[in-house]
Amino acid sequence: MDETEFWELIDATRRAAEGDPEEQADLLVERLLAFDPERVLDFARHFESRYHRAYRWDLWGAAWVLLDGASDDAFDFFRCWLIGQGREVFEGALHDPDALAGLLGDFDEEIDGDAEELGYAADEAYEQLTGTVAPDLGIPPAPAEPEGTPVAFEDDDELARRYPRLWERFRD
C-alpha cells in the first residue's frame, strides 16, 4: 500500500461515515478485511508513522484549544482523529496548527477531536484475518517526548497568542 492509497482509504471511509469517527473506524475495518494481512500491516505502518509525526507540542496546544483541555490520552485520540480528517487537514495542521481554524468545518466537541477506534482499526482487521495479534511494524518507536517547545496549556494569554485563529473561533 502506498501513501496515496492510504489517504484514499481514509478519505473514503470518512465520507461514507459522514464524519462520525466511530463509524469511520468500523468502515475502515470492513475495508481492510478485503486486503491480505501484509497490506493491512502496510496500512498500519502508514497510520503509525503519521501518528508519531503528530506527537508535537504545537499540535497538543491546538488540541487543547479545540477541546478546551487535552490530557495525554485525549491528545492520543486527537492525533488519531486528525489522521482521520484526511491528508489536507493532517498536513495543514502539521505545517501550521493554528490553520486548523480554517481547515475544519463544523466541529462538535461531543464527537470530533476523538477517534481512539481509528488507532485500532488495522490491529482489529489483522486479528480477524489471521487469528493472531499484529506483529511489530518495524518502524521507529514514538519519541519519548513531544517534538518542539512545550506549551503552557494553563496560560490562556499564551494560547491566544500562539493560536489566534483557533482561539477566536473556538474559545471566544
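This section describes helix packing, the nonpolar core and selected residues in a predicted model.

Two packed helices are described by the angle between their axes and the distance between the axes. Helix 3 spans residues 37-53 and helix 8 spans residues 121-130. Their axes lie 9 Å apart, at an angle of about 165 degrees. Helix 3 is therefore roughly antiparallel to helix 8, since angles over 145 degrees fall in that class. The crossing of helix 3 past helix 8 is left-handed. On the helix 3 side, the contact is formed by Pro 37, Val 40, Leu 41, Phe 43 and Ala 44. Helix 8 contributes Ala 122, Ala 125, Tyr 126, Leu 129 and Thr 130. Nine of these contact residues are nonpolar and one is polar. None is charged.

Helix 3 also packs with helix 1. Here the axes come within 10 Å and cross at roughly 85 degrees. The two helices are therefore roughly perpendicular to each other. Helix 1 makes this contact through Glu 3, Glu 5, Phe 6, Trp 7, Leu 9 and Ile 10. Helix 3 supplies Arg 39, Phe 43, His 46, Phe 47 and Arg 50. By class, the contact of helix 1 with helix 3 holds six nonpolar residues, one polar residue and four charged residues.

Phe 43 is listed in the contact with helix 8 and in the contact with helix 1. Beyond four places in sequence, Phe 43 is in contact with Met 1, Phe 6, Leu 9, Ile 10, Leu 28, Leu 32 and Ala 122. Ser 49 is another residue of helix 3. Ser 49 is partly exposed, with a relative accessible area of 29%. Ser 49 and Ile 139 are 90 residues apart along the chain, yet their C-alpha atoms are separated by 7.4 Å.

In soluble globular proteins, nonpolar side chains tend to be buried together. The largest nonpolar core of this model has 56 residues. The residues with the most contacts inside this core are Leu 32, Phe 43, Leu 66, Phe 78, Leu 82, Leu 100 and Leu 166. Helix 4, residues 57-67, gives the most to the core, with nine residues.

Leu 82 sits in helix 5 and is buried, at a relative accessible area of 0%. Residues up to four places away in sequence aside, Leu 82 touches Leu 59, Val 89, Phe 90, Ala 93 and Leu 100. Leu 82 and Leu 94 are separated by 12 residues in sequence and by 10.0 Å in space, C-alpha to C-alpha.

Val 89, Phe 90 and Ala 93 are among the buried residues of helix 6, which covers residues 87-95. Gly 92 and Leu 94 are also among them. The buried residues of helix 6 pack against helix 1, helix 3, helix 4, helix 5 (72-84) and helix 7 (100-103).

Gly 86 occupies the loop between helix 5 and helix 6. At 1% relative accessibility, Gly 86 is buried. Apart from neighbours within four places in sequence, Gly 86 is in contact with Trp 7, Ile 10, Asp 11 and Arg 14. Gly 86 and Arg 14 are 72 residues apart in sequence. In space, 8.1 Å separates their C-alpha atoms.

Arg 14 belongs to helix 1, residues 3-16. Arg 14 counts as buried because its relative accessibility is 18%, and the cut-off for burial is under 20%. With neighbours within four places in sequence left aside, Arg 14 is in contact with Gly 19, Gln 24, Gly 84, Gln 85 and Gly 86.

Backbone torsions were also examined. Most residues other than glycine have a negative phi, and most peptide bonds are trans. Glu 18 has a positive phi near 50 degrees and is not a glycine. Glu 18 lies in the loop between helix 1 and helix 2 (21-32). Glu 18 is exposed, at 74% relative accessibility. Asp 68, also not a glycine, has a positive phi of about 55 degrees. The loop between helix 4 and helix 5 holds Asp 68. Asp 68 counts as exposed, with a relative accessibility of 52%.

Notes
Residues are numbered from 1 along each chain as its sequence is written. This is a predicted model: local features need pLDDT of at least 70, side-chain atom pairs count only at pLDDT 80 or more; totals for chains, interfaces and linings use all residues. Side-chain values use heavy atoms; hydrogens and water are left out. Axes are lines fitted to C-alpha atoms, for helices over the stretch in contact, and angles run from 0 to 180 degrees between N-to-C directions. Helices (H or I, at least four residues) and strands (E, at least two) are DSSP runs, numbered from the N terminus. Angles under 35 degrees count as roughly parallel, over 145 as roughly antiparallel, 65 to 115 as roughly perpendicular and the rest as oblique. A crossing is left-handed if the near helix is turned anticlockwise from the far one by less than a right angle, and right-handed if clockwise. Contact means heavy atoms within 4.5 Å. Ala, Val, Leu, Ile, Met, Phe, Trp, Tyr, Cys and Pro count as nonpolar, Asp, Glu, Lys and Arg as charged, and the others, Gly among them, as polar. Buried means under 20% relative accessible area, exposed over 50%, partly exposed in between (1.4 Å probe, protein chains only). A nonpolar core is a set of buried Ala, Val, Leu, Ile, Met, Phe, Trp, Tyr and Cys residues joined through side-chain atoms within 4.5 Å.
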